[in-house]
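Me: Hi! I've got a structure open here and could use a hand reading it. Could we go through it together?

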Amino acid sequence: MPGTPFGVVHLDVPAVTSGPAVGSLVAGAGSILVSLLVVCFGVGAARYGGAWAAGAFTVPGALAGAAAIVAGLLARRQIRRAAPPPAIRFTGRGLATAGISCGAVGLLLCLLGLAVALLLQFA
């Protein structure tokens with residue numbers, strides 16, 4: 001304040017990457033990798049009961065995809081929320097968006113791979 005011996009200090013707090021955004025991207029990438037296993041077991045081992053293996057890998061792949069979508073949506077909400085100046089600001093909107101899209105692709109590939117495996121096994 002001019003004319004007084006007092007001053008106002010505003011500390012600059014650097015932005016932090018959102019943890020749920022990073023987790024969303026990791027879970028989405030994992031879901032895509034597991035969905036490749038679903039497709040490989042379902043199509044490659046269709047004669048030897050590959051639908052059972054594809055079904056066993058579909059469960060964690062679908063759960064990882066759903067978790068990636070939920071974590072990405074929570075991260076985008078956390079990033080969008082306005083915070084007063086001394087509070088921590090979060091970044092990582094692109095990570096969250098990539099996690100949501102990877103999770104959705106992984107989830108859809110898992111379910112599609114299981115459907116193809118069941119179709120090849122029982123048709």
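**How the helices pack**

Reply: Happy to! H2 and H3 cross in a left-handed way, meaning that the near helix is turned anticlockwise from the far one by less than a right angle (clockwise would be right-handed). Helices here are DSSP runs of H or I with at least four residues, numbered from the N terminus. One caution: this is a predicted model, so local features need pLDDT of at least 70 and side-chain atom pairs count only at pLDDT 80 or more, while totals for chains, interfaces and linings use all residues. Residues are numbered from 1 along each chain as its sequence is written, and side-chain values use heavy atoms, with hydrogens and water left out.

Me: Good to know. At what angle do H2 and H3 pack, and how far apart are their axes?

Reply: Helix H2 (residues 50–80) and helix H3 (residues 93–122) pack at about 160°, and their axes are 7 Å apart. That makes H2 roughly antiparallel to H3. Angles over 145 degrees count as roughly antiparallel, under 35 as roughly parallel, 65 to 115 as roughly perpendicular and the rest as oblique. The axes are lines fitted to C-alpha atoms over the stretch in contact, and angles run from 0 to 180 degrees between N-to-C directions.

Me: What kinds of residues make up the contact of H2 with H3?

Reply: That contact has 17 nonpolar, 10 polar and 2 charged residues. Ala, Val, Leu, Ile, Met, Phe, Trp, Tyr, Cys and Pro count as nonpolar, Asp, Glu, Lys and Arg as charged, and the others, Gly among them, as polar.

Me: And how do the axes of H1 and H2 cross?

Reply: They come within 7 Å and cross at roughly 160°. H1 is therefore roughly antiparallel to H2, and the crossing of H1 past H2 is left-handed. Their contact divides into 14 nonpolar, 10 polar and no charged residues.

Me: Switching topic: how many disulfides are there?

Reply: The count comes to 0 disulfides, where a disulfide is a pair of cysteine sulfur atoms within 2.5 Å.

Me: Is Cys110 buried or exposed?

Reply: Cys110 is buried, at 0% relative accessible area. Cys102 is partly exposed, at 21%. The cut-offs are under 20% for buried, over 50% for exposed and partly exposed in between (1.4 Å probe, protein chains only).

Me: Nice. How many aromatic pairs are there?

Reply: There is 1 aromatic pair. Rings of Phe, Tyr and Trp (its six-membered ring) pair if their centres lie within 6.5 Å; planes under 30 degrees apart count as stacked, over 60 as edge-to-face and the rest as tilted. The ring centres of Phe41 and Phe57 are 5.4 Å apart with planes at 15°, so the pair is stacked.

Me: Where do Phe41 and Phe57 sit?

Reply: Phe41 is in helix H1 (residues 19–44) and Phe57 is in helix H2, so 16 residues separate them and the pair links distant parts of the chain. Phe41 is partly exposed at 32%, and Phe57 is partly exposed at 30%.

Me: Last one: how accessible is Phe122?

Reply: Phe122, in helix H3, is exposed, at 62% relative accessibility. Its C-alpha atom is 9.7 Å from that of Gly49, 73 residues apart along the chain.

Terms used:
Helix = DSSP H or I, 4+ residues; strand = E, 2+ residues; numbered from the N terminus.
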